[in-house]
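Visitor: I would like to go through this model and ask, term by term, what each label rests on.
Guide: Then let us look at it together and set each value against its cut-off.

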Amino acid sequence: MFEQLKKNLEEFGFPVLPDEKTGELQWIDVRELKIRYIISINNIKPFFDGLRNGKLITTKCKKCGELYFPPQKDCPKCKMSEMEWVEIKREGTLETLTVIFVRPPSFGVYDPYTVAIAKLDDGPRILAWLRGDPRQVRPGQRVRVEVSRRKEGYLMYELVPI
Amino acid sequence: MSENVAVVGVGHSKFGTRKDVNMAELAWESIKPALETSGIEQKDIDFFVVGYAGLGGSEAAMPSVIAEYAELSPKGSMRVEAACATGNAAIRVGYTAIKAGIADLVLVVGIEKMQESPNPTVIELIGRFGSYFWEFENFGLTFPGYYALHGTAYMMKYGATEEDFARVAVKNHYYGAKNPYAQFQKEITIETVLKSPYIAWPFKLFDCSPITDGSAAVVLASEEKVKELGIDERIWILGQGTGTGTANLSKRESFTSLASARYAAEIAYKMAKIDMDDPTKYLDGANVHDCFTAPEIIAYEDLRFCKPGEGYKMIREEQTYIGGKIPVNVDGGLKAKGHPIGATGVSQAVEAYKQLLQKAEPGRQADIKKGRWLAHNIGGTGHFAYVTIYGLEKR
């Protein structure tokens with residue numbers, strides 16, 4: 001497509017192409033947009049320290065005892081922001097799963113991957129990739145949370161059947 | 001203020017791959033018939049609402065693009081976004097404006113031109129309708145993936161099969177084939193679905209709604225305006241409920257139902273004075289949000305057309321075809337009609353108007369005996385839920 005576009009640009013003076021199927025004339029944008037977000041993790045730093053040590057650390061409200069995962073700065077129930085960081089047990093039960101065959105381009109380095117949700121024994125649910133053959137597991141399967149290094153080079157948790 | 005609000009005019013573009021028009025031209029395709037069927041002019045409009053999720057299309061200032069092209073300037077406007085429920089959310093804004101008494105005639109336009117961006121870009125963007133960091137950034141969830149997590153949970157809990165899901169696609173293509181505005185006007189078989197490649201297990205290509213260009217428009221009017229203009233062809237909004245779900249799916253209790261949709265349905269039924277233990281007794285049909293096949297089945301249950309766990313039996317027994325317990329998506333649904341995100345909820349209102357006034361195309365007109373039609377429009381995976389009930393007689 002880009003070869004033809006270049007040719008048309010030179011010959012006709014415009015970045016135009018007829019649509020492949022219908023022949024209807026299209027202007028092919030010469031501006032390209034790339035987006036990379038910058039997201040604050042300033043209030044959940046201990047979570048990442050935990051992952052570095054292979055642990056799942058999250059926030060618990062000091063007043064009402066509510067356990068939050070993913071970790072968060074504020075307790076909306078008490079309208080308080082005094083949280084303690086606690087380690088949660090890294091075991092639970094699989095509730096559902098899917099295998100992502102058609103991947104977003106930004107996940108193009110990966111083969112189809114399994115995304116699963118498990119309910120941890122301590123209460124919170126967790127969504128993560130599931131290691132291993134998805135055909136060998138069903139909801140109800142016991143799983144453990146493990147931290148591993150991703151292809152992108154950073155540490156993240158995943159679910160592993162026990 | 002106006003106790004009752006009516007839909008007095010409708011317009012619908014052809015849905016599909018619309019390389020023949022730009023965004024303003026696509027919007028005009030539905031605005032023009034909406035004005036014509038309501039018998040009003042642009043100058044009569046007090047306010048207009050544009051449902052536009054901005055997913056794939058080049059234009060950012062869509063209400064202004066429309067104001068310029070459709071001669072609506074300097075009238076006030078608002079762009080509304082609620083992911084795939086954007087269309088019904090736009091209707092919500094128009095409805096509440098009229099109910100509050102600050103407008104008498106409101107034009108609601110839903111539009112999306114998703115094919116202005118390459119397919120992979122749309123897949124990338126649409127996978128972000130949840131929790132960006134905890135679901136997309138780290139685990140690459142896609143939009144089919146979000147609903148597939150529900151499809152799996154549903155199959156495992158109730159014993160439904162991939163074949164049951166396929167039956168929804170077969171039904172919706174059957175009716176899409178009879179809808180000249182649909183993206184896919186071709187019937188398919190269960191085998192077509194089962195043999196198509198996996199997108200997000202258990203969903204295959206034919207379990208998924210397509211990436212679509214399209215627009216739809218309705219004119220809403222106060223009770224006083226309907227009387228003043230002597231408009232006979234109209235339907236009334238009898239009830240509307242909205243609900244919101246958590247961003248993270250991991251914060252949900254169930255994956256076989258959408259709590260926000262159940263909540264929205266209860267509010268809408270109460271407002272429309274419909275017995276929520278047996279709503280099909282009051283409804284001639286419904287449009288539900290079948291962005292994938294399994295969510296149509298889950299919608300039957302969330303809307304109480306059947307008991308939890310029995311939705312798949314309704315499609316197995318063809319209870320949602322015309323002639324069954326309640327016809328559902330007899331315009332082809334999102335699955336075959338197409339799903340231009342911002343336009344879908346408005347398109348459902350257009351369908352309610354056509355069905356209740358018996359203007360649907362041959363072969364897809366439901367029997368209108370009770371005079372009520374339901375529209376169920378979901379954004380994200382139950383992140384936003386809108387249920388609207390339309391009727392021939394006002395409340």
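**Labels and the values behind them**

Guide: In strand S4 of chain A, A:Tyr68 is the bridge partner of A:Thr59. This is a predicted model.

Visitor: What makes S3(A) and S4(A) a pair of strands?
Guide: Two bridges join strand S3 (residues 57-61) of chain A to S4(A). Pairing asks for at least two bridges, so the two strands pair. They run antiparallel.

Visitor: Which strands make up the open sheet of chain A, and in what order?
Guide: Three strands form it, in the order S4-S3-S5, and the pairing is antiparallel.

Visitor: Why are strand S4 (67-68) and strand S5 (83-87) of chain A said to stand at the edges?
Guide: Each has a single partner strand, so one side of each is left without a neighbour in the sheet.

Visitor: What joins strand S6 (residues 91-100) of chain A to S5(B)?
Guide: Two bridges join them, and the strands run antiparallel. With at least two bridges required, S6(A) and S5(B) therefore count as paired, across two chains. B:Trp201 in S5(B) is the bridge partner of A:Val99.

Visitor: How many residues are in contact between chain B and chain A?
Guide: On chain B there are 34, and they are in contact with 42 residues of chain A. B:Lys19, B:Trp134 and B:Phe139 supply 23% of the area that chain B buries against chain A, more than any other three residues. The two chains bury about 3300 Å² between them, with 67% of it on carbon and sulfur atoms.

Visitor: Why is the pair B:Glu253 and A:Arg125 called a salt bridge?
Guide: The closest N and O atoms are 3.7 Å apart. The cut-off is 4 Å between a side-chain nitrogen of Lys or Arg and a carboxyl oxygen of Asp or Glu, so the pair qualifies. The count between chain B and chain A is one salt bridge. Polar contacts between these chains come to 16 residue pairs, both residues being at pLDDT 80 or more.

Visitor: Which elements of chain B give two or more residues to the side that touches chain A?
Guide: They are helix H4 (119-126), helix H5 (132-139), helix H6 (143-158) and strand S5 (198-201). H5(B) gives the most, with eight residues. By class, that side of chain B has 18 nonpolar, seven polar and nine charged residues.

Visitor: Why does B:Thr152 count as buried?
Guide: Its relative accessibility is 0%. Buried means under 20%, so B:Thr152 is buried. B:Thr152 lies in helix H6 of chain B. Leaving aside neighbours within four places in sequence, B:Thr152 is in contact with A:Thr96, A:Leu97, B:Trp201 and B:Pro202.

Visitor: What makes B:Tyr175 a buried residue?
Guide: B:Tyr175 has a relative accessible area of 3%, and the limit is under 20%, so the label holds. B:Tyr175 is in helix H7 (residues 162-176) of chain B. Not counting residues up to four places away in sequence, B:Tyr175 touches several residues, among them B:Tyr321, B:Ile322, B:Asn329 and B:Arg364. B:Tyr175 and B:Ile322 are 147 residues apart along the chain, while their C-alpha atoms are separated by 9.7 Å.

Visitor: Why is A:Lys45 called partly exposed?
Guide: The relative accessible area of A:Lys45 is 48%. Exposed means over 50% and buried under 20%, so A:Lys45 falls in between. A:Lys45 lies in helix H2 (residues 45-52) of chain A. A:Lys45 and A:Pro71 are 26 residues apart in sequence and 9.8 Å apart in space, C-alpha to C-alpha.

Visitor: Which residues of helix H2 (residues 62-69) of chain B are buried?
Guide: B:Met62, B:Pro63, B:Val65, B:Ile66 and B:Ala67 are. The buried residues of H2(B) pack against H1, strand S2 (47-51), strand S3 (76-80) and strand S4 (105-113) of chain B. Just after H2(B), B:Glu71 takes a positive phi of about 60°.

How values were computed:
Residues are numbered from 1 along each chain as its sequence is written. Chains are lettered from A and ligands numbered from 1 in the order in which they are written. This is a predicted model: local features need pLDDT of at least 70, side-chain atom pairs count only at pLDDT 80 or more; totals for chains, interfaces and linings use all residues. Side-chain values use heavy atoms; hydrogens and water are left out. Contact means heavy atoms within 4.5 Å. Buried area is the accessible area (1.4 Å probe) that two parts lose on being put together, summed over both. A polar contact is a pair of N or O atoms within 3.5 Å; within protein, one must be able to donate a hydrogen and the other to accept it, and residues adjacent in sequence count only if both atoms are side-chain atoms. Helices (H or I, at least four residues) and strands (E, at least two) are DSSP runs, numbered from the N terminus. Ala, Val, Leu, Ile, Met, Phe, Trp, Tyr, Cys and Pro count as nonpolar, Asp, Glu, Lys and Arg as charged, and the others, Gly among them, as polar. Buried means under 20% relative accessible area, exposed over 50%, partly exposed in between (1.4 Å probe, protein chains only).
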